[in-house]
Amino acid sequence: MRNLVVRRAIQMLLIMLTVSLLLFAIFDSDQFREKAAVAELGGFGIATLSADDYHEWLQKKGLNEPFLARYAQWLKAVAHGDLGRSVEKDVAVATLLKESLANTAILAFFVLLGLIPIALTLGVLAGMNEGSRLDRVISVAAVITTSIPQIATAVLLTVILALGLGWVPAKSAMTDGWSFRPLVLPLLTLLLYDIGYLVRMTRAAMTEVMASQYIRTAVLKGLPPWRVIMKHALRNALVVPVTLIFLELNGLLSQVVVVEVFFQYAGFGRMLFDAANFGDIQVLQAATLVAIAVAVVSQLLSDAAYTFLNPRVRFK
Amino acid sequence: MKAGIALLLALIWLPLAGYVMFRPALGALAPYLLLPSIPAVILLYGIAVRSWRESRVAVFGVTLVCFWLLMAVTAPYLPLLDPNKPIAPFVAPGGIKHGVLFLLGSDMRGRDVLSRTLWGCQRVLVWGITATSVAYVVGAGFGLIAGYLGGWWDEFVSFAGNVLLSFPVMLLFILVLNLLGQSGFNIIIAVTCSSAPVIMRIVRGLALDARSRDYILAAQTRGEHPLWIMWVELLPNVRGPLIIDACLRLGYTTVAITTLTFLGLGLQPPDPDWGLMIKEAATAALLWKYSYMLIVPAVSVSSLILGFNLIADGTREMSLRD
């Protein structure tokens with residue numbers, strides 16, 4: 001088992017290196033450079049940037065040096081924790097990153113807190129009695145919530161809970177201090193989709209296990225039903241859903257962009273989006289690195305969990 | 001039968017794609033272009049209902065998708081108001097102003113919401129279907145190469161796929177669309193970058209499994225060219241799981257396009273589009289009184305995606321039953 005994880009870790013390291021080279025090349029392209037130049041020199045748009053100004057800016061920034069030399073330099077700076085400075089907000093990128101990541105972590109914490117118990121319970125209940133009325137209700141609800149794109153869920157929830165009933169504020173900017181109420185809408189938006197998705201996966205795994213021979217044996221042996229479920233079925237049925245929960249961390253990073261932009265929540269996704277639009281390359285670069293690191297680590301964790309939970313892989 | 005369905009799909013997709021992507025270049029031909037697609041959609045609906053009749057879920061999905069397809073091809077011929085012309089702003093649904101009836105109300109610039117919603121499905125359907133097809137061709141091609149040829153080909157293709165998969169999807173979209181510029185064609189590239197690696201993995205797995213089967217060995221012994229074996233022997237035999245995945249993926253692509261337009265990264269105004277309608281209403285008219293402007297496009301896009309997902313569910317159910 002340790003071998004497998006170590007091999008995956010080496011693979012991941014290789015991927016990270018390739019990705020960082022790719023990212024450096026992307027941000028080194030004229031499109032992003034011009035955007036950054038405009039942002040820094042304070043012009044009105046790329047159209048108003050004169051060629052002389054641009055070349056002077058390139059010279060000043062030392063961007064005319066060979067590509068690989070600058071890549072090595074950049075890699076060294078990143079390895080030392082120096083992520084640069086935001087042009088738009090004039091603070092160190094590390095500070096900006098810390099604040100927005102903390103905000104998104106709060107959101108992610110509550111999402112997982114709701115997602116894991118609700119989705120696993122509903123999925124197991126539906127998969128236990130395939131074809132029963134409860135199964136039908138849960139399955140239909142899950143298909144519907146996974147079919148509504150998050151942007152539409154956000155809209156519908158805002159209309160009902162904020163504009164109609166007035167229970168929670170419509171925007172989550174939280175300009176005067178932290179509170180839980182503005183968090184409700186983004187949370188529900190993320191939860192509705194994720195619960196539906198995880199319920200479907202759990203249900204599929206559970207029905208497959210329930211149809212297997214060893215469960216039939218356990219039932220025919222005369223074991224009480226709760227014992228069959230708890231001791232025999234669950235252990236195998238939950239392998240896939242548990243690994244999916246780790247992968248969900250990766251999915252959340254994509255989902256928070258839409259949700260945070262819609263509700264104006266000052267989190268990681270919104271920072272990433274703003275930086276891309278403004279041409280704040282240092283921020284965008286750092287945020288991308290963090291996002292990919294999270295994605296890679298979540299994949300590694302998911303692999304490790306799968307190996308740990310599934311004895312068939314462990315003893316191979 | 002198969003050729004007939006392919007012909008029908010071509011009859012719907014080609015005029016629709018031409019109409020949406022190159023309307024200015026078509027000139028006087030444009031108003032007549034979509035006429036042959038209308039009977040084609042109806043015929044396709046009939047065939048689809050017949051072949052999925054065992055699954056009620058799938059028939060419901062087919063109905064939803066075909067409804068929007070029909071709206072996309074008939075929009076120019078329906079008695080609708082001009083979707084881009086400001087008439088009277090903030091008219092409530094069912095209200096009459098300046099002698100014009102607004103069934104679903106008008107938006108903050110005075111454009112008819114019903115007409116914008118029906119016209120809006122054209123862009124989503126055309127770009128969504130095109131982007132998914134391109135992703136499929138690229139993904140299935142590389143998947144066949146990796147799975148059938150194996151060895152270094154497999155290592156290289158799989159590694160490239162893993163690199164692309166390590167990007168969170170939304171981040172990939174933001175990077176690609178900022179790098180290449182914001183247009184429908186670049187959405188196709190962005191969707192291909194995010195979807196093709198997943199399709200590649202599925203096809204690779206299926207091809208690895210099929211490679212050791214007797215019919216492949218027979219073809220190899222006959223001395224067939226590897227490309228011919230992949231195309232004629234392998235691909236038709238891994239079709240089943242791919243159809244289900246394609247339906248799901250059409251749904252994902254629709255979500256992606258709507259979301260990107262909402263974020264201002266995808267298709268550009270002023271043509272009607274569901275993501276754009278949500279974006280405009282969410283910034284200019286976020287009040288209970290005007291919530292119809294948000295609800296109508298949100299429900300429309302959800303119903304289209306629900307349709308794709310139900311077809312996938314129904315197909316999977318039927319394949320398990322056999």
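Student: Which helix of chain A gives the largest share of the nonpolar patch?

Tutor: Helix α5, residues 93-128, with three residues. Keep in mind that this is a predicted model.

Student: Which residues make the nonpolar surface patch?

Tutor: A:Ile118, A:Leu122, A:Leu125 and A:Leu134. Together they form a patch of about 290 Å².

Student: Where is A:Leu122 found, by element?

Tutor: In helix α5 of chain A.

Student: Why does A:Leu122 count as partly exposed?

Tutor: Start with the cut-offs. Buried means under 20% relative accessible area, and exposed means over 50%. Partly exposed lies in between. A:Leu122 has 31% relative accessibility, so it counts as partly exposed.

Student: How many helices and strands does chain A have?

Tutor: Chain A has 14 helices and zero strands.

Student: What does the C-alpha trace of chain A span?

Tutor: About 85 × 55 × 30 Å along its principal axes.

Student: How do I read the contacts in chain A?

Tutor: Look at sequence separation. Take the contacts with a separation of 6 or more. Residues 24 or more positions apart account for 71% of them.

Student: What about the accessible surface of chain A?

Tutor: The total is about 16100 Å². Carbon and sulfur atoms hold 65% of that surface.

Student: And how far apart are the mean positions of the positive and negative charges?

Tutor: Chain A has 27 positive and 22 negative charges. Their mean positions are 19 Å apart.

Methods
Residues are numbered from 1 along each chain as its sequence is written. Chains are lettered from A and ligands numbered from 1 in the order in which they are written. This is a predicted model: local features need pLDDT of at least 70, side-chain atom pairs count only at pLDDT 80 or more; totals for chains, interfaces and linings use all residues. Side-chain values use heavy atoms; hydrogens and water are left out. Patches are made of residues with over 30% relative accessible area and no salt bridge: like charges are joined within 9 Å, nonpolar side chains (Val, Leu, Ile, Met, Phe, Trp, Tyr) within 5 Å. Accessible areas come from the Shrake-Rupley method with a 1.4 Å probe; for residues, only the protein chains shown count as cover. A salt bridge is a side-chain nitrogen of Lys or Arg within 4 Å of a carboxyl oxygen of Asp or Glu. Helices (H or I, at least four residues) and strands (E, at least two) are DSSP runs, numbered from the N terminus. Buried means under 20% relative accessible area, exposed over 50%, partly exposed in between (1.4 Å probe, protein chains only). Contact means heavy atoms within 4.5 Å. Lys and Arg count as positive and Asp and Glu as negative; His and the chain ends are not counted. The place of a charge is taken as NZ of Lys, CZ of Arg, CG of Asp or CD of Glu.
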